[in-house]
Amino acid sequence: MVEVDGSIDGLARVSIVNYNGVVLLDKFVIPEGKMITNYRTWVSGVTPDKLRTENGAIFFKEAKKKAHAILKDKIIVGHSVNHDF
């Protein structure tokens, strides 16, 4: 998560693995909002370079669509799932 517009948490990376640990989706995400005001790099590892489309980052709406397609009709197990969703 990064801070957007001075106070809002914004998704900056989406990662999904299957039961066996195989990576199904791992992308940096350009969050919705006007401006990233804190990258929280010390916690997230996110930097401005990682959130550029030319470096493979995708926009939030695309990330949401991809995640929904992978997770549809699946049982989800994870750490702090309520917080992450």
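1. Aspartate 49 is partly exposed in this predicted model, since its relative accessibility of 42% falls between the limits of 20% for buried and 50% for exposed residues. The side chain of aspartate 49 forms a salt bridge with arginine 52, and the closest N and O atoms of the pair are 2.1 Å apart. Arginine 52 is likewise partly exposed, with a relative accessible area of 35%.

2. How many salt bridges does the model contain? The count comes to four.

3. Aspartate 9 is partly exposed, at 46% relative accessibility.

4. Another salt bridge is formed by glutamate 62 and lysine 66, at 3.8 Å from N to O. Both residues lie in helix H2 (residues 60-71), and because they are four residues apart there, about one helical turn separates them. Glutamate 62 has a relative accessible area of 37% and counts as partly exposed. Lysine 66, with 34%, is also partly exposed.

5. In general, strands of a sheet pair through backbone hydrogen bonds, in either a parallel or an antiparallel manner. Strand S3 (residues 13-17) and strand S4 (residues 23-30) run antiparallel and are joined by five bridges. Within this pairing, arginine 13 has phenylalanine 28 of S4 as its bridge partner. The two strands form a hairpin with five residues between them, and glycine 21 in the turn has a positive phi of about 85°.

6. In which sense do S4 and S6 pair, parallel or antiparallel? Strand S6 (residues 58-59) pairs with S4 in the parallel sense, over two bridges. Here valine 29 has isoleucine 58 of S6 as its bridge partner.

7. Together, these strands make an open sheet of three strands in the order S3-S4-S6, with mixed pairing. S3 and S6 each have a single partner strand and stand at the edges, so one side of each has no neighbour in the sheet.

8. The final topic is the empty space in the model. Rolling a probe the size of a water molecule over the atoms shows where such space is left. The largest pocket holds about 1,300 Å³. Which residues are closest to its centre? Of the 39 residues that line this pocket, they are Val14, Ser15, Ile16, Asp84 and Phe85. The elements giving two or more residues to the lining are S2, S3, S4, H1, H2 and helix H3 (81-84).

9. Which element gives the largest share of the lining of the largest pocket? Helix H2 does, with seven residues. By residue type, the lining divides into 24 nonpolar, eight polar and seven charged residues.

Key:
Residues numbered from 1 in each chain as written. Predicted model: local features only at pLDDT ≥ 70, side-chain atom pairs only at ≥ 80, totals over all residues. Heavy atoms only, no water. Pairing = 2+ DSSP bridges. Buried < 20%, exposed > 50% of the residue type's maximum accessible area, 1.4 Å probe, protein only. 1 Å grid on protein atoms, 1.4 Å probe; cavity = no way out; pocket = protein on both sides within 12 Å on 5 of 7 lines; lining within 4 Å. Points joined across faces, edges and corners; volume = space filled by probe spheres on them. Nonpolar A, V, L, I, M, F, W, Y, C, P; charged D, E, K, R; others polar.
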